[in-house]
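I opened this entry to keep a record of what I looked up, in the order in which I looked it up.

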Amino acid sequence: MSSSNWGILISIIVYIAAIVAVGIYYSKKSNTAGDFYLGGRKLGPFVTAMSAEASDMSSYLLMGLPGLAYLTGITEVFWTITGLAIGTYVNWLIVAKRLRKYSAINRSITIPDFFANRYRDKKVLKGLSALIIIIFFVPYTASGFAACGKLFHSLFGVDYMIAMIVSAVIIIAYTTLGGFLAASTTDFIQSIIMSIALIIVVVFGIWSVGGVHEVTAAAAKIPEFFSLDATTNVFTKETSSFGFIPIVSTLAWGLGYFGMPHILLRFMAIEKTDKLKLSRRVASIWVVISMAIALFIGVIGYSMTAHGKIDALTGEGGHADSETVIVAISHLLSSYGIVFAILAGVILAGILASTMSTSDSQLLAASSSVSENLLEGVFGIHISDKKKMLVARGAVIVIAIIGVILASDPDSNIFTIVSFAWAGFGATFGPLMLFALFWKRSNRYGAIAGVISGGAMVFIWKFIVRPLGGAFDIYELLPAFIVSSLMIVVVSLLTPAPEKEIVEEFDAVKDAQI
């Protein structure tokens, strides 16, 4: 192994050792299922903010966004991050505080718990919500395992399956040991590593080509590279328009935030609601800056290719290799000596961190659906707190094993899985979360209708309607979100109003001091 690879390996080993140590530390603090899944509602404002955003971004931040900007210019990435930034801010602004209060009042520790307690439906709604989490999170988690496997395979030539399984074992280790507190704390650490990685890449990339002017000048030679209404494949020079429908479709990514269990759980877990304003500011600023830097890294990467610093990352059809732009930049950095190799290792640890921070949160959400919501809530199997902890950790392991099996194909399309799961959660949980928090007249019948119709429309639009193209070529989240919302309203109005107890609880949330 070369000295540069040794430097990279040292950084990654130190990072992995640190997060496993965090899991061991918090294993002594997770004594009940409530601690394991929600950390006893003791998260501070900074951990709440940064763990929520780290678990949100995944490898999309360091690989997906730069890769897309590298290959097609800034258009699609700009509108995507605009939608995500707006969705992040609005979610923190209107959902976080009320969900924290409401979930404490009705004693909910998971999202299915909250919906079931909100509408007093302990079987159907809780069971549906739990199944949706399992359906969409298991393959989502598998995509994270696959990303880790591909990273180690491309770096060290390690067999993909071995690399993927080892990565999964590490994630399983600290998640099963420390639960939510371990996942949230490691996510906080990982957000810092991701930030450092972004800064190193930008500084080195600009320096390598001779300055910011050289970066932008190289990209400006490509037609429509800096346009906001057209995209261009930088290698084939094929240009296509990006009009109103694609823009609206791309902005719709922001709607997904209202239904993301691993983000919503952070709102439920913060220690005090009066600390949410600080969390909102920290989270929103970090998201905007980090995504803007990710876009700029794509521009830097293309400039480095144009200046002969890194090879053209076209691959088959362009997409596969363009996402490795940050890996290519890291390899170049590592060639300058052992110190720079260690810095390159920090960058690659950042990619690993972005993936792990999402996978651990998804594992916890999926395992809570099995142990808390299905076994006890739906099937009525009551067990002691000690056995609950065993079941909780066992559920994490079983779900992770299923994820490993699903990730066994090295040619799986990670982004396709992620975007579909994002739409699934956004359309099933997003509208229901908003109506549950802010519309007193919504009832269990409307809630069930909204969840079923939203989930069904995601599949229908994705596989039947969208392939028709033209005006129908819209991200499935948007039409499914609209259908789900309409069904909640219509069915709630056509069925009996909520019971007095539910209405009184709804009214009590506003003035609650928590």
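Which residues does S334 touch, not counting residues up to four places away in sequence? I found S4, I8, F340, A341 and A344, where contact means heavy atoms within 4.5 Å.

Before going on I noted that this is a predicted model, in which local features need pLDDT of at least 70 and side-chain atom pairs count only at pLDDT 80 or more, while totals for chains, interfaces and linings use all residues. Residues are numbered from 1 along each chain as its sequence is written, and side-chain values use heavy atoms, with hydrogens and water left out.

**Entry on α14**

I placed S334 in helix α14, which covers residues 325-334; helices here are DSSP runs of H or I with at least four residues, numbered from the N terminus. I then looked up its accessibility, and S334 is buried with a relative accessible area of 4%, given that buried means under 20% relative accessible area, exposed over 50%, and partly exposed in between, with a 1.4 Å probe and protein chains only. The helix as a whole is mostly covered, since nine of the 10 residues of α14 are buried. I listed the buried ones as V325, I326, V327, A328, I329, S330, L332, L333 and S334.

I next looked up how helix α12 (residues 276-306) packs on α14, and I noted an angle of about 60° with the axes 10 Å apart; axes are lines fitted to C-alpha atoms, for helices over the stretch in contact, and angles run from 0 to 180 degrees between N-to-C directions. That makes α12 oblique to α14, because angles under 35 degrees count as roughly parallel, over 145 as roughly antiparallel, 65 to 115 as roughly perpendicular and the rest as oblique. The crossing of α12 past α14 is left-handed, the term for a near helix turned anticlockwise from the far one by less than a right angle. In this contact I297, G301 and M304 of α12 meet V325, I329 and L332 of α14. I recorded the residues of the contact of α12 with α14 as five nonpolar, one polar and no charged, with Ala, Val, Leu, Ile, Met, Phe, Trp, Tyr, Cys and Pro counted as nonpolar, Asp, Glu, Lys and Arg as charged, and the others, Gly among them, as polar.

**Entry on α7 and α19**

At what angle do the axes of α7 and helix α19 (residues 444-465) cross? I noted roughly 25°, with the axes coming within 10 Å. The two helices, α7 and α19, are therefore roughly parallel to each other, and α7 passes α19 in a left-handed crossing. From α7 I listed V124, L125, L128, I132 and F136, which meet A447, I448, V451, I452 and F459 in α19. The residues of this contact of α7 with α19 divide into 10 nonpolar, no polar and no charged.

**Entry on salt bridges**

I then turned to the salt bridges, of which the structure holds nine; the term covers a side-chain nitrogen of Lys or Arg within 4 Å of a carboxyl oxygen of Asp or Glu. One of them joins the side chains of D113 and K126 at 3.2 Å, N to O. D113 lies in helix α6 (residues 111-119) and K126 in helix α7 (residues 124-156), so the pair ties together parts that are 13 residues apart in sequence. I found both D113 and K126 buried.

Another salt bridge has the side chains of E501 and R120 meeting at 3.3 Å, N to O. Here E501 lies in helix α21 (residues 500-511) and R120 in the loop between α6 and α7, so the pair ties together parts that are 381 residues apart in sequence. E501 counts as exposed at 52% relative accessibility, whereas R120 is partly exposed with a relative accessible area of 23%.

I also looked up K275 and E271, whose side chains meet in a salt bridge of 3.3 Å, N to O. K275 counts as partly exposed at 29% relative accessibility, and E271 counts as partly exposed at 36%. Salt bridges that share partners join R120, E501 and E505 into one network.

Leaving out residues up to four places away in sequence, E505 touches Y102, I105, N106, N117 and R120.
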